[in-house]
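Take a look at the chain below. This report walks through its rings, its cores and its helices.

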Amino acid sequence: MLEKLDRPWRIFATGLSFATFGLGGLALRLLYFPLLALFVREPKRQQRLARLAVHYTFRFFIGYMRALGVLRYELQGVEKLARSGLLILANHPSLIDVVFLISLVPNADCVVKASLANNPFTRGPIRATRYLSNDSGPGLVQDCIESVKAGNNLIIFPEGSRTPLDGNMQLQRGAANIAVRGPCDITPVIIRCEPRGLTKGMPWWKVPEKPMHYVIRVEDDIHVSAQDAEAGEAAKAARQLTTRLHDHFSRGSQEHVGA
């Protein structure tokens, strides 16, 4: 009997989770961030406290989903994220990957879609945290470099959107351009999820047969040399690095997730 109720419960629990997430974002926008702006005048401190609020909210949300039985997860090598000034690149199998990563990084910066800045549930957090918007054109690469050099931990998904169900990754060159032109070493994060859920082209209510099991592994840094950029070969170096990252993430994401 309990087995028959498991999947319907997880459909309900997933919907409840996202409803809670939306209400939490709205509460931050209407309550916390106005109070923060009122009592904290110094912009950098205001930004730091806003990012901490999002960090702890996302940490609560992940724990909430686990408590409801929607997902399970295990973390490997997350102590490497305790440093500052990191360029964190990750593959993107599911909708909540950025939530996972920000829940692990207190001083996270990230590149968000411009449309989210106008969404009533996400507009407040994005403006208060001063996350980077992807509508800034050619200046975005330099903005990202400056964020890392300022000591922020910048999270980017080189694919730009979630990996399709067939696993065919298509990486864009923006992340590699940031690494090469910085230059910035890369902290790669492999995110694996079995069974797949909350993925591209899949509605949230199509939950898998079993709870999603995430493994998030922070790997050793990939060193990026400044020599190619200095020699005027930045574009070529970015293409080569993109190919290298594609192979790296493809191999890592295809590893089996243990039960």
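Predicted model: local features only at pLDDT ≥ 70, side-chain atom pairs only at ≥ 80, totals over all residues.

## Aromatic pairs

How many aromatic pairs does the count come to? The count comes to eight aromatic pairs. One of them joins Phe 100 and Tyr 214. Their ring centres lie 4.8 Å apart, with 45 degrees between the planes.

Elsewhere, Phe 18, Phe 21, Phe 58 and Phe 61 make up one aromatic cluster.

## The largest core

In soluble globular proteins, nonpolar side chains tend to be buried together. Here, the largest nonpolar core has 42 residues. Ile 96, Leu 101, Ile 102, Ile 155, Val 189, Ile 191 and Tyr 214 have the most contacts inside this core. Among the elements that give two or more residues to the core are helix 1 (2-39), helix 2 (43-67), helix 3 and strand 7. Which helix gives the most? Helix 2 does, with seven residues.

Now follow Ile 96. Neighbours within four places in sequence are left aside here. Ile 96 is in contact with Phe 18, Phe 61, Ile 62, Met 65, Leu 71, Leu 198 and Tyr 214. Two of these, Phe 18 and Phe 61, belong to the aromatic cluster.

## An enclosed helix

Is helix 3 largely enclosed or largely open? Seven of its eight residues are buried, so helix 3 is largely enclosed by the rest of the structure. The buried residues are Asp 97, Val 99, Phe 100, Leu 101, Ile 102, Ser 103 and Leu 104.

## Two packed helices

Helix 5 (residues 139-149) packs against helix 6 (residues 174-181). Their axes are 9 Å apart, at an angle of about 55 degrees. That angle makes helix 5 oblique to helix 6. The crossing of the two helices is right-handed.

Which residues of helix 5 and helix 6 meet? From helix 5 come Val 141, Cys 144 and Ile 145. From helix 6 come Asn 177, Ile 178 and Arg 181. Cys 144 also belongs to a second, separate core of 27 residues. That core includes Leu 154, Ala 176 and Cys 184 as well.

Technical notes: Residues numbered from 1 in each chain as written. Heavy atoms only, no water. Phe/Tyr/Trp six-rings, centres within 6.5 Å; stacked < 30°, edge-to-face > 60°. Core = buried A, V, L, I, M, F, W, Y, C linked by side-chain atoms within 4.5 Å. Buried < 20%, exposed > 50% of the residue type's maximum accessible area, 1.4 Å probe, protein only. Helix = DSSP H or I, 4+ residues; strand = E, 2+ residues; numbered from the N terminus. Contact = heavy atoms within 4.5 Å. Axes fitted to C-alpha atoms, helices over the stretch in contact; angles between N-to-C directions. Parallel < 35°, antiparallel > 145°, perpendicular 65-115°, else oblique. Left-handed = near helix turned anticlockwise from the far one by under 90°.
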